[in-house]
Amino acid sequence: MTATLRILPFLRWGHRPWRLVERNVLAYRRVWYIFLSGFAEPLFFLLSIGIGVGKLVGDLDVGGHLVPYRTFVAPGLLAIAAMNGSLLDTTFNFFFKMKYTHTYDGVLAAPLTPRDVATGEITWALLRGTIYSAAFLVTMLLFGDLRSWWSVLALPGAVLIGYGFAGVGLAATTYMRSFVDFDYVNMAMIPLFLFSATFFPLARYDAGLQTVIRLTPLYQGVVLERSLVIGDLNWTLLLHAAYLLAMGLIGLRVASRRIGLLLQP
Amino acid sequence: MAGPMIEAHALTKRFGSFVAVDGIDFAIEPGEAFGFLGPNGAGKTSTMRMIGCVSPRSGGELSVLGLDPAHDGPQIRARLGVVPQEDNLDTELTVWDNLMIYGRYFDLPRREIRERAAELLEFVQLSDRRDSRVDPLSGGMKRRLTIARSLINRPEVLLLDEPTTGLDPQARHLLWDRLYQLKRSGVTLVLTTHYMDEAEQLCDRLVIMDNARIVAEGSPRQLIADNVTREVVEVRLGIDADTAAEVAALKQYGDRIEALADRVLVYTDDGDATAGAVTSDGIGAVSVLVRRASLEDVFLILTGRSLED
Amino acid sequence: MSTPALVRVVEREARVYARLWRGLAFSTFVQPALYLGAMGIGLGGLVKAHSGSVDGLTYLDFVAPGLLVASAMQLAASESMWPVLGGAKWMRQFHGVVATPIRPGELYGGFVLWTAIHAMLGSAAFVLVAALLGAVPSAWGILAIPAAALCAAAFCGPIAAFSITQESDVSFPMIMRLGVLPLFLFSGTFFPISQLPSGLRPLAVFSPLWHGVELARAATTGHFDVAAVVTHVAVLVACVAAGAFAGVRTFTKRLSS
């Protein structure tokens with residue numbers, strides 16, 4: 001148990017990083033409608049791509065199950081939303097608070113450490129992501145896109161995707177000098193968003209490209225979520241999960257080492 | 001041009017029911033350095049914005065360079081230089097590009113702007129920073145760049161709103177020196193300030209503003225002579241002194257006195273004699289100091305408040 | 001010979017752009033190729049297998065003008081929010097501009113003009129990339145570039161007029177999420193509006209993006225109906241005009257009051 005808590009320090013309820021979560025909840029309370037509008041984003045995508053484009057695409061074969069395109073693309077959209085939300089919070093928003101609004105200068109003057117700040121921000125990003133993912137899963141349920149009881153694991157799966165990208169995002173942000181550098185975040189996100197078997201199956205690529213895609217991070221999340229909601233289970237899913245966990249762990253490790261240098265030079 | 005550069009009669013500015021400038025009159029002559037002195041919120045910036053033709057007047061008359069800001073804004077602005085209270089340099093451009101682009105806003109030919117920009121960077125001592133971005137410059141450098149920018153069109157009148165607020169003493173003196181040179185070259189300076197030393201240093205003539213109105217007008221020396229005695233004795237009382245009684249006792253020593261939170265000012269024409277009398281008479285003073293009367297005293301006497309409040 | 005004030009405002013934007021263009025190479029050239037590759041070719045293969053064609057076009061030909069104009073809209077929308085509020089409130093450089101002979105209305109006009117030019121540059125790159133991928137069957141396709149620029153102005157005009165009235169940026173993410181994103185997804189960009197539920201279909205005519213996409217699609221495919229083209233242009237021009245009517249007033253109110 002203790003070992004788990006060291007790996008996922010944000011799970012320790014009431015610990016110092018939670019002060020930062022409280023701060024963010026307070027900050028958001030005044031702009032609750034922005035929080036609410038976050039629910040709309042994946043829903044719009046599901047209606048447009050899942051249903052609108054779905055009508056043009058028809059049914060697809062996923063691991064031997066013939067499913068409507070909407071059912072195919074929905075778990076991909078879930079994984080994308082988890083990545084986007086997590087990266088937005090840990091890159092752009094984190095950088096903005098650090099460099100421009102100097103939110104953390106005050107926080108660090110209180111008995112919080114830079115590591116608490118990093119952990120607190122990730123906890124917050126994951127909490128928010130969990131709420132959005134849960135809402136999206138309910139929508140999928142209503143559309144009949146949850147084909148298996150294994151879908152209950154899709155929510156922890158989304159949190160894991162968020163965790164993996166949060167670690168990497170935070171680590172990357174510690175190397176950013178100005179907003180111009182955020183073009184690199186876009187440069188990484190857009191290809192992942194488009195080509196991780198999100199909108200069309202891996203089989204559409206030739207063999208060489210398939211191997212490349214299999215190694216990319218969002219692909220792990222997309223396969224994980226799609227297999228869970230369709231019920232196409234096998235042991236390789238653990239590998240995908242392990243990949244994401246490792247991303248988060250290594251990212252956080254790098255981030256907490258550098259974040260002290262950054263916030264308390 | 002005959003007559004004043006800038007002339008106002010009953011000039012008024014209202015924002016809804018709030019009256020920011022309440023029917024003021026002034027005239028600024030060519031080549032003079034004219035100041036609006038007053039505390040924050042007195043209506044100085046609103047007045048400057050009306051002169052700068054970026055804020056329409058609500059009432060009264062205003063003529064700038066013989067033209068009416070209500071109709072001839074762009075023509076007037078073409079002949080003004082403006083240094084605003086808050087720097088509004090273009091942070092997406094370099095120092096040099098700030099001058100180039102600003103010159104283009106005045107539709108000056110590029111060749112002319114290049115020559116002028118080089119001269120101006122020399123003048124404000126920023127030549128070595130010409131390719132720097134704006135963000136890393138210090139506050140004093142940004143203000144000097146803003147002044148250089150305001151001179152790109154060779155303005156006849158330079159408007160400066162609180163030009164040295166927020167600068168350290170060294171940066172202030174450098175800025176005053178540049179402004180003094182500009183004045184000598186014939187540019188009409190109009191400035192607002194809430195620093196009396198700045199007003200005394202730079203202004204040939206000034207008006208003191210309080211609560212949207214002008215309460216006095218004249219040269220710094222004349223304002224002091226008309227309103228205050230030559231010298232002031234500052235008496236600092238002990239913490240446990242019976243302040244009311246001490247203040248009453250001090251009344252006999254001067255033409256008038258002002259009791260402040262931490263000290264009492266005694267206005268007198270012979271400071272040393274008064275100080276001597278206060279000390280020897282055993283008033284419970286911790287310290288007694290003689291100084292010359294300043295514009296601060298003028299303001300205090302006219303409004304009953306201190307400038308920095 | 002004097003230079004029009006609008007052009008002098010554009011000069012400033014062009015100078016900033018000229019300094020940054022290298023960093024913009026990815027978003028200008030690579031991004032269109034990625035979107036066209038994923039949506040047009042990757043997803044397009046699935047569409048071909050199931051439906052054959054969309055409104056008589058391959059999916060790549062159908063989606064290319066949609067993505068072209070949608071990206072012009074997104075550029076225009078985001079450039080008309082944060083940078084406008086920044087110019088009035090955070091960096092305040094707009095206040096510096098109106099202290100010169102430039103009027104607030106001219107600053108507004110120059111800003112919208114620049115956004116259209118900016119969108120035109122991006123659209124030209126997009127059309128070039130699309131043509132190389134075989135997504136522009138008609139030589140009329142070149143006219144998709146001004147169509148996208150007009151659509152950008154139709155969004156920039158009203159949004160910039162609104163942004164300058166704001167004191168904080170809280171409303172901007174809402175505009176992106178609840179305005180720009182649904183338009184992006186439901187304006188005939190990814191699938192024909194004939195597939196929308198019959199109750200919602202008439203709403204598409206209120207989407208400036210739909211008019212822009214239809215206009216660009218007419219150009220890239222070479223299939224057009226003159227009356228429809230005139231209508232689309234008229235609607236977009238009306239948006240620009242409405243924006244200008246409001247923008248001249250809101251810019252004047254904010255910058256000289």
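Predicted model: local features only at pLDDT ≥ 70, side-chain atom pairs only at ≥ 80, totals over all residues.

Let me start with the chains. Two pairs of chains touch, and the pair with the most contacts is A and C. Chains A and B do not touch, and the nearest C-alpha atoms of those two chains are 12 Å apart.

Now the interface of chains A and C. How many residues does each chain bring to this contact? Chain C brings 31 residues and chain A brings 32 residues. Together the two chains bury about 2,900 Å², and 77% of that area is on carbon and sulfur atoms. On the side of chain C, three residues stand out: C:Leu46, C:Arg177 and C:Gln195 supply 21% of the area that chain C buries against chain A, more than any other three residues.

The rule finds one salt bridge across the interface of chain C and chain A. The side chain of C:Arg177 meets the side chain of A:Glu41 in a salt bridge, with N to O at 2.8 Å. For polar contacts between chain C and chain A, the count is eight residue pairs, with both residues at pLDDT 80 or more.

Which elements of chain C give two or more residues to the side that touches chain A? They are α1, residues 5–51, and α7, residues 171–186. The most comes from α1 of chain C, which gives 16 residues. If you sort that side of chain C by class, you get 22 nonpolar residues, eight polar and one charged.

Next, the interface of chains B and C. Here 30 residues come from chain B and 24 residues from chain C. The area buried between chain B and chain C is about 2,600 Å², with 51% on carbon and sulfur atoms.

How many salt bridges are there between chain B and chain C? The count is seven. As an example, B:Glu86 forms a salt bridge with C:Arg92, and the closest N and O atoms of that pair are 3.8 Å apart. The rule also finds 15 residue pairs in polar contact across the interface of chain B and chain C, again with both residues at pLDDT 80 or more.

On the side of chain B that touches chain C, the elements giving two or more residues are β1 (6–15), α2 (69–77) and α3 of chain B. Of these, α3 of chain B gives the most, with six residues. By class, this side of chain B divides into 13 nonpolar residues, four polar and 13 charged.

Over all chains, the count comes to 25 aromatic pairs. A pair of aromatic rings is described by two things, the distance of the centres and the angle of the planes.

Take A:Phe35 and A:Phe39. The centres of these two rings are 6.0 Å apart and the planes are at 90 degrees; planes over 60 degrees apart count as edge-to-face, so this pair is edge-to-face. Both residues lie in helix α3 of chain A, residues 32–57, and are four residues apart, about one turn of the helix. Is A:Phe35 buried or exposed? A:Phe35 counts as buried because its relative accessibility is 19%, and the cut-off is under 20%. A:Phe39, with a relative accessible area of 25%, is partly exposed.

A second pair is B:Tyr102 and B:Tyr105. Here the ring centres are 5.8 Å apart and the planes are at 75 degrees, so this pair is edge-to-face as well. Both tyrosines lie in helix α3 of chain B, residues 95–105, three residues apart, about one turn of the helix. B:Tyr102 is buried at 6% relative accessibility, and B:Tyr105 is buried with a relative accessible area of 4%.

In chain C, please find C:Phe94, C:Tyr108, C:Phe111 and C:Phe251, which form one aromatic cluster.

Last, the buried residue I mentioned. A:Ile259 is in helix α11 of chain A, residues 236–263. At 0% relative accessibility, A:Ile259 counts as buried. In sequence, A:Ile259 and A:Ala118 are 141 residues apart, but in space they are 7.6 Å apart, C-alpha to C-alpha.

That is where I stop.

Note on methods. Residues numbered from 1 in each chain as written. Chains lettered and ligands numbered in written order. Heavy atoms only, no water. Contact = heavy atoms within 4.5 Å. Buried area = accessible area lost by both parts, 1.4 Å probe. Salt bridge = Lys/Arg side-chain N within 4 Å of Asp/Glu carboxyl O. Polar contact = N/O pair within 3.5 Å; in protein donor to acceptor, adjacent residues only side chain to side chain. Nonpolar A, V, L, I, M, F, W, Y, C, P; charged D, E, K, R; others polar. Phe/Tyr/Trp six-rings, centres within 6.5 Å; stacked < 30°, edge-to-face > 60°. Buried < 20%, exposed > 50% of the residue type's maximum accessible area, 1.4 Å probe, protein only.
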